[in-house]
Amino acid sequence: MFVIIQAHEYQKYAAVLDQMFRLRKKVFADKLGWDVPVIGPYERDSYDSLSPAYLVWCNDNRTRLYGGMRLMPTTGPTLLYDVFRETFPAAADLVAPGIWEGTRMCIDEEAIAKDFPSIDAARAFSMMLLALCECALDHGIHTMISNYEPYLKRVYKRAGAEVEELGRADGYGKYPVCCGAFEVSDRVLRKMRAALGLTLPLYVRHVPARSVVTQFLEMAA
């Protein structure tokens with residue numbers, strides 16, 4: 001299942017989040033060699049301390065992770081402005097409630113190959129993008145912003161996503177880093193589903209049986 005994890009649910013999904021931070025170290029630090037903060041077996045940075053939301057792909061009993069990414073509103077601190085400001089024009093204003101930043105997207109290729117042998121890495125990545133579009137649309141987000149290396153644009157196109165490159169800059173690593181704005185709309189959603197040959201949603205919003213306020217009051221009683 002694809003589910004959004006918000007701050008008040010971190011404990012509920014503790015096992016999945018633990019696996020996600022381990023996977024991030026494996027992918028971004030060990031495999032890609034990025035200069036990212038590593039704490040023991042985990043890759044975590046200061047933005048993970050700001051109560052972000054995480055979109056994760058996991059099994060139904062929340063014990064096995066297949067992929068994940070971090071989502072943050074551009075109305076607060078973001079990597080986009082704090083680190084990658086040179087990747088988009090100075091005149092561009094990317095701060096708005098309906099614009100969110102997506103970072104640290106990764107998949108566990110070994111876990112997916114074991115549990116879903118018919119899904120290769122490219123399709124798994126595309127499924128994460130589709131779930132992101134569904135999730136963003138469901139939460140009133142009209143634009144996702146992400147920084148990426150140029151070759152990934154081909155991957156986005158194959159998934160049916162529509163991204164406008166706002167700019168790019170050198171000096172961050174071996175390859176240039178691009179800044180892209182991804183449209184979130186029903187039209188794009190239909191296009192992505194068609195590209196993957198899917199009709200049913202991957203992401204389904206979880207509706208709690210009781211409100212967070214009710215649960216808090218019961219705990220305090």
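The entries below follow the order in which I looked things up.

**Entry on the model.** I am working from a predicted model, and I number residues from 1 along the chain as its sequence is written.

**Entry on salt bridges.** I looked up the charged pairs and found a count of 16 salt bridges. I began with R24 and D48, whose closest N and O atoms are 2.6 Å apart.

I turned next to E43 and R104, which form a salt bridge with the closest N and O atoms 2.9 Å apart. E43 is in strand β3 and R104 in strand β6 (residues 99-107), so the pair ties together parts that are 61 residues apart in sequence. E43 is at 0% relative accessibility and counts as buried, and R104, with a relative accessible area of 11%, is buried too.

Which residues join these pairs into a network? I noted that R24, E43, D45, D48, R70 and R104 are linked in a network of salt bridges.

For another pair I looked up E109 and K31, whose salt bridge has its closest N and O atoms 3.9 Å apart. This pair links distant parts of the chain, with E109 in helix α3 (residues 109-115) and K31 in helix α1, 78 residues apart. Here E109 is partly exposed, with a relative accessible area of 43%, and K31 is exposed, with a relative accessible area of 61%.

**Entry on nonpolar cores.** I looked up the largest nonpolar core and found that it has 42 residues, and that those with the most contacts inside it are F2, L55, W57, L71, M144 and Y156. Helix α4 (residues 121-138) gives the most to this core, with eleven residues. Apart from it lies another core, of 17 residues, which includes V16, V27, V36 and Y54.

I then listed the surroundings of W57, leaving aside its neighbours within four places in sequence. The residues in contact with W57 include M1, F2, R64, L65, Y66 and G67, and also I112, F116, I119, A124, M127 and M128.

**Entry on α4 and α6.** I asked how the axes of α4 and helix α6 (residues 186-196) are placed, and found that they come within 10 Å and cross at roughly 155°. Since an angle over 145 degrees counts as roughly antiparallel, α4 is roughly antiparallel to α6. The crossing of the two helices is left-handed. Where they meet, R123, S126, M127, L129, L130, C133, E134 and L137 are the residues in α4, and D186, V188, L189, M192, R193 and L196 are those in α6.

**Entry on positive phi.** I looked up R62, which has a positive phi of about 60° although it is not a glycine. R62 sits in the loop between β4 and β5 (65-73), and at 29% relative accessibility R62 counts as partly exposed. I then returned to R104, which is not a glycine either and has a positive phi of about 55°. R104 is found in strand β6, and R104 counts as buried at 11% relative accessibility.

Technical notes. This is a predicted model: local features need pLDDT of at least 70, side-chain atom pairs count only at pLDDT 80 or more; totals for chains, interfaces and linings use all residues. Side-chain values use heavy atoms; hydrogens and water are left out. A salt bridge is a side-chain nitrogen of Lys or Arg within 4 Å of a carboxyl oxygen of Asp or Glu. Helices (H or I, at least four residues) and strands (E, at least two) are DSSP runs, numbered from the N terminus. Buried means under 20% relative accessible area, exposed over 50%, partly exposed in between (1.4 Å probe, protein chains only). A nonpolar core is a set of buried Ala, Val, Leu, Ile, Met, Phe, Trp, Tyr and Cys residues joined through side-chain atoms within 4.5 Å. Contact means heavy atoms within 4.5 Å. Axes are lines fitted to C-alpha atoms, for helices over the stretch in contact, and angles run from 0 to 180 degrees between N-to-C directions. Angles under 35 degrees count as roughly parallel, over 145 as roughly antiparallel, 65 to 115 as roughly perpendicular and the rest as oblique. A crossing is left-handed if the near helix is turned anticlockwise from the far one by less than a right angle, and right-handed if clockwise.
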